[in-house]
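The following report describes selected features of a protein model. The sequence and the structure come first, and the discussion follows.

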Number of protein chains: 4
Amino acid sequence: MLGVGVIGYGYWGPNLVRNFMMDAGTRVVAVCDRVEERLAEIRRLYPTVKTTTDARDLFRNSDIDAIAIATPVDTHFDLARDALRAGKHVLVEKPIASTSAQAEQLIEEAARRNLVLMVDHTFVFTGAVRKIQEVVAEESFGKLQYYDSSRVNLGLFQHDVNVLWDLAVHDLSIMDFVIPLSPVAVSATGLSHVPGQPANIAFMTLFFDGNVIAHINVNWLSPVKIRRTLVGGSRRMIVYDDLETSEKVKIYDKGITVTETPDDVRKLLISYRTGDLWSPKVSETEALRLEVAHFRECIEGKAKPVTPGECGLAIVRMLEAADKSMSRRGEAVEL
Amino acid sequence: MLGVGVIGYGYWGPNLVRNFMMDAGTRVVAVCDRVEERLAEIRRLYPTVKTTTDARDLFRNSDIDAIAIATPVDTHFDLARDALRAGKHVLVEKPIASTSAQAEQLIEEAARRNLVLMVDHTFVFTGAVRKIQEVVAEESFGKLQYYDSSRVNLGLFQHDVNVLWDLAVHDLSIMDFVIPLSPVAVSATGLSHVPGQPANIAFMTLFFDGNVIAHINVNWLSPVKIRRTLVGGSRRMIVYDDLETSEKVKIYDKGITVTETPDDVRKLLISYRTGDLWSPKVSETEALRLEVAHFRECIEGKAKPVTPGECGLAIVRMLEAADKSMSRRGEAVEL
Amino acid sequence: MLGVGVIGYGYWGPNLVRNFMMDAGTRVVAVCDRVEERLAEIRRLYPTVKTTTDARDLFRNSDIDAIAIATPVDTHFDLARDALRAGKHVLVEKPIASTSAQAEQLIEEAARRNLVLMVDHTFVFTGAVRKIQEVVAEESFGKLQYYDSSRVNLGLFQHDVNVLWDLAVHDLSIMDFVIPLSPVAVSATGLSHVPGQPANIAFMTLFFDGNVIAHINVNWLSPVKIRRTLVGGSRRMIVYDDLETSEKVKIYDKGITVTETPDDVRKLLISYRTGDLWSPKVSETEALRLEVAHFRECIEGKAKPVTPGECGLAIVRMLEAADKSMSRRGEAVEL
Amino acid sequence: MLGVGVIGYGYWGPNLVRNFMMDAGTRVVAVCDRVEERLAEIRRLYPTVKTTTDARDLFRNSDIDAIAIATPVDTHFDLARDALRAGKHVLVEKPIASTSAQAEQLIEEAARRNLVLMVDHTFVFTGAVRKIQEVVAEESFGKLQYYDSSRVNLGLFQHDVNVLWDLAVHDLSIMDFVIPLSPVAVSATGLSHVPGQPANIAFMTLFFDGNVIAHINVNWLSPVKIRRTLVGGSRRMIVYDDLETSEKVKIYDKGITVTETPDDVRKLLISYRTGDLWSPKVSETEALRLEVAHFRECIEGKAKPVTPGECGLAIVRMLEAADKSMSRRGEAVEL
């Protein structure tokens, strides 16, 4: 039975604790949070779990084999590094760290000690994203053309990161899993409406080789919640709406057909093809449940992380490039 | 009774003809199109209307006082200029011309002859856009923060213009009507998936003074049709969904409240306010019907054009800047 | 070229006129309506069409071969009978007549003169209903289990018929086309909220042999428009939403599996099967256009009516039974 | 601190346990279920809670003051009676019992011992239903006209009760709370598609004095989940869609205006009024959390049950009448 410590019991932490409680191969030994009321709630619900306001209590606890970190982004690096140095396997909330240099160091710290370092890109473990990955990989999808995502709502303003690091990170992690390509450049624009605070609305374009483009629209000031992604292929197109309770993934048999006109070789005829729509059944197992089990199996040596530290690093690099571009009003930054 | 000639009877032309037929103060004298079958259809439906494949027949027809032009963009300038030179008032499809230089010349031609030159920005005449304009102008809306629009579908590929000139032009005309500000710079990205053809997917950011930003997402290769605009204010937020049959405009009493923390002046507390939603009844009168009547009243000297040539010029300038930025992968272009 | 006369130019008449104008094998000779302004509108749009306020002008016009009737229900019988007696083929708006006795007489009048008598059950000519009929007929659909439809909106109150005769008649005509069964009994309930007026809200259950049931919910006092039908089969289930712009028909691979429990033969195990969703492309050709062409082909002897007078009669009988049941607060009435 | 025992840990029981755990004035002493694996799960999550397969262990436990029952309907009566006889306060899942005679006896048992007997009509504690009740009670709503609800999905077939007792019971409990009227008669129709099993599809009409009608459509064999209720008033109309994540309640300023025609006193003019739509913010507090607190306050003598046994009895009477009517194919049964 793997002993687990969880640091951070705010928005996401309770989900981590619950899933580590339910996994048959793990048990939650202790939880750390700075807010005493939250710890009282844990003791009420789970009387056998230890609580503390000092993360070091977890690092030095020999019953703890692995640490899950769900704290503000600017604390990720220190906590993950110290956990690794204490010999604990680490699952860290997205984004893995505040800078790519930090992410690189964490990867190195883990590798040196032969520890598992995984970043919590939860969406990668959903049935919907798994299905999209399959569909895009199939020959029937044709050539990938674009990836376009909106993730907006009236959201919790973060103080330590802008809206790209908070919301677009989800889209980047999904995109990174679904698309077998790496972006070559980024253009981003955005704005903060609160003086002195990070940007709360942002738009990001990623350029790929081979006529592929991606776009991400994120906003903490939207009156409505939108979670919609279009993935365009030359023969199939996907709409992924995460707010749909069923039918999250829809696959359209649509596209264009380009033919040369017989009388004028310079002019192309572009016609439309509209076929059926298909919405495959996708697994509804809670993503975090699968992820927790996967993390355990990686520690047990039975699996290789689907979202290793390198994965988190790649995305932090895209976010850094986006920040740079945003400060230059959209000027493309090479990756 | 004002005599009207219509050039172009493809997608939009039939709507122009029908509305000029129904307006009590205008009558359709003649219609010009290059396709003989379309002319046959007109003669069948409206036996009193003359048909021709030569636009010059309309220019020299003294029964015709005004000409409406609904042809491909790259023919707008020649046709509008010749119509004005023949002393006819002109209503020209959006965008008004292929370049700002052409638009400027049309404005000058019309002014010199004291003729009405109007651009057909139809959405400006819808009940929904009129209502949005009112709401944004009210003090209760607070300070304008952003304008964010998506206009995507599996669309008719244009050969002479890219997707910005075909679709974003609608958003720009609505934005121009609703927002009492002029953009100062544009960043755009996009791509063509058909070699040698204009971009079929594009993303455009407009920067305004005073912490206002606008964004437009257009795509001819989307499997689904989306027509959704968010307009954010500091005290109210609007969602405009043109595909809703009723409730096209929804106004949310939502926002954030920024306060200084008592103990740390550098740290701001941002809290959320969520109130009721209100969807005002909007006029359902066909926009083109109102526009046709307005065009007539302008010719009769009873009104000033809501969408004069200058309006069309302003938007062509934004589109030109976007094209320039797109060719530089998002680098901002000043306006 | 078949000469057509249209009686009634209110809500539906303009669609009839337009489609008879566009059909290459028919021409509209004359239109009759009691309201002079409507006739003026016709003369304006279609200067070659004669107009009159006296239906007899159409009956005695030898250029007219067929008459389409789109007037209030209580005038259907007299107009259709007189048209048939004048030797005209007849297409009559739904419901075909106010009583089954009248419908029977019309069928007889047409048969005696070898004239086409067709009832305008427009939905039967839509791509959606055609597709549903195909799917239900396929073996993969399994055994039909139920048909459940809602058709509500803030609607035009009729003075001569209740909401069943106005709205449920659509559902009955679709059901009659899609389901290869005849109901054996009807139970209906409903109410009028305006004293002295026909019921404006009603609910109707139809019983069939073989464990099949149908239900129709109609309402003129609903704040929202709903047009949704569920058709349940033992292996497939259909949702038909006529307000969807695309994807009107969705087919679900869902159902239950009933097995006997090994230890207790009296107890059945009912488990669920949830598979993919499939939305087939359906023809978007205007239904009335196909219907008008079909009516012409029936007159030309090239086809047999899909919706003959007998079809209209069957539905009037269901409506009469429903009225009877409604007056007895739901007591079943045999058919 | 009130000691609570929970009987039944299937679908609903875990919610009861969780909420009694979280309420500051109650604690869960013991849980009873027949399935040993469920009890193991409880011990895992809540190590301090006792578990048993024998309900009598709860009745005789003096640390337990109140018992919550979430078991199959046909066990409600025996368990609730025994709990009351053991001097425990009782919260019992809906419907309160299998027959009105049983419900009456439970009410009497509770009254005799001065114990709280409450039925778990959870929806009555939702922000949405509370808001609807307020709106209907306001003068601006006008006169109540109808209540029409659909509650369908591919559902868990019950063996001991039909779909009315499983699903319509929710609608009846909401209706009973929202409408200040008692039905005078019931007509119901329905069918079972599995031989020997209770009806899985049913339609129920309730007649009230004063021209008010209610209708409920329930179905365990629907491919889609629908939870929609229309409440019509003469001046306002409500749409309540429980599947909406926000905007569950929409209030329409719509209606009809009935006037006498000046020239013909027998003919009424009915015209339409369409105004704005308003969606009030409703509380999102978990209903069961409020209900658990309310139950506790009733036991503490600080409140009177909103959903006392009498409330459960009234609804069981409606369900019994519906069963009787259904067996007679819709014949109305007086209440």
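What does the accessible surface of chain A come to, and what share of it belongs to carbon and sulfur atoms? The model is a predicted one, and for chain A the accessible surface is about 13,100 Å², with 48% of that area belonging to carbon and sulfur atoms.

## Overall form of chain A

Chain A contains nine helices and 15 strands. Its radius of gyration is 22 Å, close to the 20 Å given by the globule rule for 335 residues, so chain A is as compact as a globular protein of that length. Taken along the principal axes, the box filled by the C-alpha atoms of chain A is roughly 80 × 45 × 40 Å. Of the 335 residues, 61% count as buried. Among the contacts in chain A with a separation of 6 or more, 65% are between residues 24 or more positions apart.

A:Gly210 belongs to the loop between β9 (201-208) and β10 (212-219) of chain A. A:Thr53 lies 157 residues away from A:Gly210 along the chain, and the C-alpha atoms of the two are separated by 51 Å.

## Helix packing

| Helix pair | Angle between axes | Distance between axes |
|---|---|---|
| α4(A) and α5(A) | about 10 degrees | 9 Å |
| α5(C) and α9(C) | about 170 degrees | 9 Å |

In chain A, helix α4 (residues 73-85) packs on α5(A) at an angle of about 10 degrees, and the two helices are therefore roughly parallel to each other. From α4(A), the residues A:Phe77, A:Ala80, A:Arg81, A:Leu84 and A:Arg85 take part; they meet A:Gln102, A:Gln105, A:Leu106, A:Glu109, A:Ala110 and A:Arg113 of α5(A). By class, this contact comprises five nonpolar, two polar and four charged residues. An α-helix has 3.6 residues a turn, so residues three or four places apart point the same way.

In chain C, helix α5 (residues 100-113) packs against helix α9 (residues 309-327) at about 170 degrees. These two helices are therefore roughly antiparallel to each other. On the side of α5(C), the contact is made by C:Ser100, C:Ala103, C:Glu104 and C:Ile107, and on the side of α9(C) by C:Gly309, C:Glu310, C:Leu313, C:Val316, C:Arg317 and C:Glu320. Four of the residues in this contact are nonpolar, two are polar and four are charged.

## Buried positions in helices

Is C:Leu84 buried or exposed? C:Leu84, a residue of helix α4 (residues 73-85) of chain C, counts as buried, with a relative accessibility of 0%. Apart from its neighbours within four places in sequence, C:Leu84 is in contact with C:Val90, C:Leu106, C:Glu109, C:Ala110, C:Arg113 and C:Leu115. The C-alpha atoms of C:Leu84 and C:Ala111 are 9.8 Å apart in space, the two residues being 27 apart in sequence.

Helix α1 (residues 13-22) of chain D is mostly covered, as seven of its ten residues are buried. These are D:Gly13, D:Asn15, D:Leu16, D:Val17, D:Asn19, D:Phe20 and D:Met21.

## Backbone features

Which peptide bond is cis in chain A, and what is its omega? The bond that joins A:Lys94 and A:Pro95 is cis, with omega about -15 degrees. A:Pro95 is in the loop between β5 (89-93) and α5 (100-113) of chain A. In chain B, a cis peptide bond runs from B:Lys94 to B:Pro95, with omega near -15 degrees. B:Pro95 lies in the loop between β5 (89-93) and α5 (100-113) of chain B.

C:Asn114, although not a glycine, has a positive phi of about 60 degrees. C:Asn114 sits in the loop between α5 and β6 (117-120) of chain C and counts as exposed at 69% relative accessibility. C:Glu247, also a residue other than glycine, has a positive phi near 55 degrees. C:Glu247 sits in the loop between β12 (237-241) and β13 (249-260) of chain C. With a relative accessible area of 15%, C:Glu247 is buried.

How values were computed: Residues numbered from 1 in each chain as written. Chains lettered and ligands numbered in written order. Predicted model: local features only at pLDDT ≥ 70, side-chain atom pairs only at ≥ 80, totals over all residues. Heavy atoms only, no water. Axes fitted to C-alpha atoms, helices over the stretch in contact; angles between N-to-C directions. Helix = DSSP H or I, 4+ residues; strand = E, 2+ residues; numbered from the N terminus. Parallel < 35°, antiparallel > 145°, perpendicular 65-115°, else oblique. Contact = heavy atoms within 4.5 Å. Nonpolar A, V, L, I, M, F, W, Y, C, P; charged D, E, K, R; others polar. Rg over C-alpha atoms; globule rule 2.2 N^0.38 Å. Buried < 20%, exposed > 50% of the residue type's maximum accessible area, 1.4 Å probe, protein only. Areas by Shrake-Rupley, 256 points an atom, 1.4 Å probe, with all protein chains shown as cover.
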